[in-house]
Amino acid sequence: MTPRRFLPPTALLCAFDAAARHQSFTAAARELALTQSAVSRQIRALEELLGSELFHREKQKVKLTLAGNAYAREIRGALARISSATLGFRANPGGASLHLALLPMFGLRWLMPRLPGFLAAHPDITVHVSTRTTPFDFRTETIDAAIHFGEGEWAGAQLDRLMGETVAPLCSPALRARLGAAKPADLIEAPLLHLMSRPDAWERWFAAMEVDPGEVHGMLLDQFLLVAEAARAGLGVALLPEFLVEAELRSGDLVRALDAPVVQADHYYLVWPHTHERHPPLDAFRTWILQEARKESGR
């Protein structure tokens with residue numbers, strides 16, 4: 001149990017968080033609907049509790065100290081977790097909840113169409129979903145588990161391997177006709193679409209084709225969904241996981257620029273922190289998603 005002397009009153013922490021974000025007691029007061037002097041007193045009370053100053057005060061300006069800046073980051077994360085936990089409880093006061101972080105395209109195209117099956121089997125569990133393409137830290141964010149693509153390593157976490165991925169060079173039918181590519185080397189001069197989170201994907205594809213492309217150029221996009229739409233619009237050739245663009249392949253909006261798929265070395269993983277090893281909603285979700293992943297792999 002955390003000693004109470006290390007738990008400052010929430011009102012003081014909220015005042016500090018607002019003042020730290022704005023670097024102004026006056027702006028913090030406006031945000032909190034308090035007077036500037038009230039915010040100043042709360043900050044001073046927190047400093048007395050901590051035994052050190054959080055701000056440098058210079059005439060009408062305030063600036064976080066080095067220690068105050070580090071403390072502000074920790075407090076902001078803690079307040080966000082409390083807020084998220086309260087929101088989750090209010091959304092499902094009679095049952096359990098599961099907070100998932102997903103890769104946007106994977107969540108949209110693969111998980112969401114299947115999720116009703118999980119919820120039908122577990123009506124007492126409320127699932128909260130956020131998407132992200134950037135790294136995150138289980139220690140500072142309110143996340144029970146995440147879907148990760150890459151290597152099977154994650155510090156401070158456990159992983160279940162879900163499935164692999166096959167990518168192929170896809171484009172619009174019109175662009176394929178214009179390019180007339182007959183072999184992998186023909187794509188070196190084609191307009192290539194790149195995903196920011198996989199900047200070396202084309203280099204690896206050319207290497208698998210035993211082709212030296214030299215410098216690879218092209219449009220850079222930050223999400224798979226944008227890459228897929230750009231390819232569909234004829235802006236270039238994209239390396240896309242075919243299981244995530246099945247609708248476009250069926251409709252003919254996307255076609256293979258070449259019949260040259262490559263099985264990726266990386267995999268999709270379900271990742272969760274060690275602290276959630278015995279979290280019943282997560283246990284139920286793990287069992288379910290592993291079954292769904294086996295079905296996908298067997299297709």
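Which residues of helix 1 are buried? Taking buried as under 20% relative accessible area (exposed is over 50%, partly exposed in between, with a 1.4 Å probe on protein chains only), they are Leu12, Leu13, Ala15, Phe16, Asp17, Ala18, Ala19 and Ala20. Bear in mind that this is a predicted model, where local features need pLDDT of at least 70, side-chain atom pairs count only at pLDDT 80 or more, and totals for chains, interfaces and linings use all residues. Residues are numbered from 1 along each chain as its sequence is written, and side-chain values use heavy atoms, with hydrogens and water left out.

Helices (H or I, at least four residues) and strands (E, at least two) are DSSP runs, numbered from the N terminus. Helix 1 covers residues 10-22, and its 13 residues should span 18 Å at 1.5 Å a residue, which agrees with end C-alpha atoms 18 Å apart; the expected span is 1.5 Å times one less than the number of residues.

Five strands make an open, mixed sheet in the order 4-3-5-13-6, where pairing takes at least two DSSP bridges between two strands. Strand 4 (125-131) and strand 6 (157-163) are the edges, each pairing on one side only. Inside it, strand 3 (residues 96-102) and strand 5 (residues 145-150) run parallel over two bridges, and Ala101 sits opposite Ala146 in strand 5.

Helix 5 (residues 104-121) packs on this sheet, touching strands 3, 4, 5, 6 and 13 (267-273), with contact meaning heavy atoms within 4.5 Å.

Methods. Axes fitted to C-alpha atoms, helices over the stretch in contact; angles between N-to-C directions.
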